Amino acid sequence: MTLEVRDLAYAYPDGTQALFGVDLRISRGERVALLGPNGAGKTTLVMHLNGILTAGHGTVRVAGLQVGKENLQEIRRRVGLVFQDPDDQLFMPTVREDVAFGPANMGVRGAELDHKVTDALTRVGMLDAIDRPPHHLSFGQRRRVAVATVLAMDPEILVLDEPSSNLDPASRRELAQILKNLDVTVLMVTHDLPYALELCERALILSDGVIAADGPTRDILANESLLTAHRLELPYGFAIPSTGT
Amino acid sequence: MHVPDGFFTASVSIGAAVVAAAGVSVALRNAKQELDDRTAPMAGLVAAFIFAVQMLNFPVAAGTSGHLLGGALAAILVGPYTAVLCVAVVLLVQGFFFADGGLTALGINITLMGIVTAAVAWGVFRLIVRVAPNRTAIVAGSFVAALVSVPVAALAFAALFAIGGTAPIDAGAVAAAMGGTHVLIGIGEGLITAVTVSSVLAVRPDLVYGARGLTKPLVLRTADGERVVEAPRGPEAKPIRPFLVGAGIVSLLLAGVVSFFASSSPDGLERVAEDKGFLGQASDHLFGGSALADYGDVGGIPVGVAGVLGVLITLAVGLGIAYLVRRKRKVTT
Amino acid sequence: MGAGHHHQLYRPGDTLVHRLPPQCKLLAVAAFAIVVVATPRERFLAFGGYLLLLAAVAAVARVSPGFVLRRMVVELPFVLFAFAIPVIGLGERISIWGVSLSVDGLWASWNILAKATLGVIASILLAATTEPRSMLLGAQRLRMPQLLVQIATFMLRYLDVVLDAMRRMKVARESRGFQARDLRQAPILAKSAGALFIRSYERGERVHLAMLSRGYTGTMPVYRDISADVRQWLFAGALPVAAAALLFIS
């Protein structure tokens with residue numbers, strides 16, 4: 001079991017409760033979409049996965065290791081978080097240094113570090129940009145580098161926050177291709193239902209701080225009343241192809 | 001405002017650099033206590049913000065425009081220590097990456113625009129807010145603090161100029177003209193600072209350092225729940241005092257010297273301007289308009305003697321601060 | 001988003017000057033500036049020599065005179081001031097074209113103009129031949145406090161992002177008919193500044209989270225370092241040493 005969240009509840013210090021007992025399990029190699037309307041608690045949940053927020057109740061386990069103050073470093077290596085805005089994620093002056101930041105914090109140095117950096121950039125097709133400053137890259141390229149910064153840490157699970165937002169159609173397709181070819185467990189937080197359908201075989205709906213639905217993405221997206229109940233909508237003119245089931 | 005090379009003698013430049021280095025290292029230590037591992041990203045972003053805001057031009061009067069200096073704004077928004085750091089970094093970057101401001105004048109620029117401005121603004125601001133701890137006072141305090149900080153920095157410039165300026169201009173005239181024009185600039189600065197602070201106060205009061213202790217514990221954006229641990233503290237954040245004392249000594253020193261020279265020619269400005277009849281011509285400049293044709297002596301010996309003394313004192317103060325910081329650091333590590 | 005680097009001085013190149021380790025250049029330029037500032041103003045020859053030295057550096061670095069001249073506009077406000085000094089200066093006066101000028105003031109004016117100009121040219125050459133990133137590494141090598149280097153690194157990284165945000169606000173203001181005419185419009189500019197501050201601050205918080213997520217514990221890993229050998233130090237040192245020699249003989 002790569003990720004196991006049990007009974008997770010969390011309230012912000014002002015008393016606003018965001019999560020009301022979240023239960024979910026993700027196995028190795030799965031690609032799961034986490035769907036939900038704004039304010040459902042998606043980001044709050046994600047912040048628990050690598051210990052930025054600490055559970056008020058319940059547990060989060062990553063590959064068997066329970067998230068807690070004492071093992072944050074290891075947890076953060078295992079859970080690769082890709083933020084929505086690549087400018088938040090790419091804070092170093094060059095792509096090379098940015099991708100190296102994570103592994104270097106884990107104590108990797110020298111040739112091994114170089115290898116990790118080039119390997120991660122190759123996997124997202126951005127090796128050519130290795131010595132460029134991030135702000136000279138296009139938005140789509142920056143998002144791919146952001147994925148590489150996390151891949152360089154060999155995570156157990158890749159957590160992507162709205163990976164398709166602000167991408168033009170071509171970049172969107174390129175990123176999808178890259179994500180499909182990656183051999184890692186993926187949890188993808190998104191409103192982009194077609195993207196979820198394309199990339200993830202399984203989907204969860206998080207609504208009002210609990211998991212409201214869990215099943216094959218195709219079935220969930222085909223259930224119109226379920227979607228409407230949770231403020232989710234397929235784009236105009238989009239229909240779930242009925243082949244295959 | 002960025003002083004170039006050649007404006008001050010080498011000794012004053014170096015003396016000011018020592019003062020600046022001492023001030024910045026004090027600021028580094030205290031900012032780090034406040035922001036801990038957030039210091040680098042937070043101060044970096046705030047520095048970028050100050051750089052950007054300095055590009056906001058606002059028309060002052062009849063064809064001239066001023067731009068925000070931002071020292072007071074930074075002090076009120078992020079606290080005086082972080083403000084000194086941010087302004088210092090902005091100046092370093094402008095000097096080394098944009099060739100703006102002389103490299104030998106960096107110490108002077110950091111001392112004036114960073115340390116003096118932040119210290120004065122923060123001191124004035126705290127005084128006002130202590131008298132009436134509420135939102136109105138914060139906004140009013142921001143206005144007054146920024147308004148005062150600009151001419152005081154200008155006077156500090158004039159004082160340094162009296163000690164080690166390279167131009168034979170009467171120190172009193174420089175002080176009067178610099179002070180005068182910068183009161184006008186200060187009004188713009190105060191206005192913009194006050195409105196900026198009040199607009200931040202309306203949306204994210206928790207971000208206004210100067211408003212700490214006045215707001216209830218606040219929750220930051222959902223994504224940043226962790227940052228809430230930074231609970232609002234009492235109005236008197238303790239580390240402010242040594243900062244004010246240190247900066248106060250420097251400013252007093254500067255002020256003392258300038259008043260000495262200023263008093264030696266109280267009526268110089270108008271008289272000579274009239275005599276020479278170029279009032280209109282000269283008053284367009286930064287330094288207003290005046291020439292003191294027969295004051296040769298004032299610019300001569302006394303300035304020289306006082307200059308040497310001033311540099312020595314400034315150096316001693318700077319080294320003293322640096323020494324204290326060193327020692328404290330050794331104790332902590 | 002290619003805009004925003006318009007004011008960047010760095011000119012990529014592969015000359016002897018470009019290849020010098022940044023710490024050597026930084027020290028050389030600083031030492032040169034100090035020599036210049038310390039030069040008595042009567043030493044015309046020395047000032048001429050300094051200018052020739054800088055011209056030689058520019059030639060080796062293939063930085064065109066036009067580029068340097070264009071970038072010298074930052075000096076302008078103080079040039080204006082320098083021209084005012086003879087008019088308002090003290091001491092003995094002479095009359096030139098019917099304007100009474102102070103002799104000492106003329107000297108002071110020359111002094112400031114010459115030194116400021118030489119300083120600006122040296123800084124421009126430094127910035128034009130040193131990539132911003134390696135400038136920071138050089139500063140780090142010269143024992144500038146780690147934290148200060150890091151703050152500057154983050155500032156440079158996010159400068160364009162913040163300036164972009166500011167430009168978008170300006171477009172938004174102006175597309176709704178706003179024009180800054182006098183001080184009465186200042187509050188509107190200030191509200192933008194407030195919004196800009198909040199955005200910058202919140203980005204700082206998010207960047208910090210992104211850093212934490214990748215194992216940041218308070219120290220930045222150092223994995224790039226530039227060392228300089230004696231030959232490079234000697235080459236860089238040539239500028240201030242030659243300047244000092246000029247000062248000595250003139």
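1. Read along its sequence, chain B runs α-α-β-β-α-α-α-α-α-α-α-α-α-α, and its secondary structure comes to twelve helices and two strands, where helices (H or I, at least four residues) and strands (E, at least two) are DSSP runs numbered from the N terminus. This is a predicted model, in which local features need pLDDT of at least 70 and side-chain atom pairs count only at pLDDT 80 or more, while totals for chains, interfaces and linings use all residues. Residues are numbered from 1 along each chain as its sequence is written, chains are lettered from A and ligands numbered from 1 in the order in which they are written, and side-chain values use heavy atoms, with hydrogens and water left out.

2. Of the 333 residues of chain B, 60% count as buried, that is, under 20% relative accessible area, as against exposed at over 50% and partly exposed in between, with a 1.4 Å probe and protein chains only. Among contacts (heavy atoms within 4.5 Å) in chain B between residues at least 6 apart in sequence, 75% join residues at least 24 apart. Chain B exposes about 12,200 Å², and carbon and sulfur atoms supply 67% of that area; accessible areas come from the Shrake-Rupley method with a 1.4 Å probe, and for residues only the protein chains shown count as cover.

3. Helix 3 of chain B, residues 71–78, is largely enclosed by the rest of the structure, because eight of its eight residues are buried. The buried residues of helix 3 of chain B are Gly71(B), Ala72(B), Leu73(B), Ala74(B), Ala75(B), Ile76(B), Leu77(B) and Val78(B). After helix 3 of chain B comes Gly79(B), with a positive phi near 95 degrees.

4. Helix 5 (residues 106–131) and helix 6 (residues 135–164) of chain B pack at an angle of about 145 degrees, and their axes are 7 Å apart; axes are lines fitted to C-alpha atoms, for helices over the stretch in contact, and angles run from 0 to 180 degrees between N-to-C directions. The residues of this contact between helix 5 and helix 6 of chain B divide into 19 nonpolar, four polar and no charged, with Ala, Val, Leu, Ile, Met, Phe, Trp, Tyr, Cys and Pro counted as nonpolar, Asp, Glu, Lys and Arg as charged, and the others, Gly among them, as polar.

5. For chain B, the unreviewed UniProt entry places the feature "transmembrane region" at several spans, including residues 137–163 and 183–203; such positions are given in the numbering used here, feature names are shortened, and annotations may be inferred rather than shown by experiment. Residues 137–163 of chain B are 100% helix and 0% strand, with end C-alpha atoms 37 Å apart. Residues 183–203 of chain B are likewise 100% helix and 0% strand, and their end C-alpha atoms lie 30 Å apart.

6. In chain C, the spans that the unreviewed UniProt entry gives as "transmembrane region" include residues 44–64 and 106–127. Residues 44–64 of chain C are 86% helix and 0% strand, with end C-alpha atoms 25 Å apart, whereas residues 106–127 of chain C are 100% helix and 0% strand, with end C-alpha atoms 31 Å apart.

7. Gln150(C) sits in helix 8 (residues 146–174) of chain C and counts as buried, because its relative accessibility is 9%. Leaving aside neighbours within four places in sequence, Gln150(C) is in contact with Ala40(B), Tyr216(C) and Met220(C).
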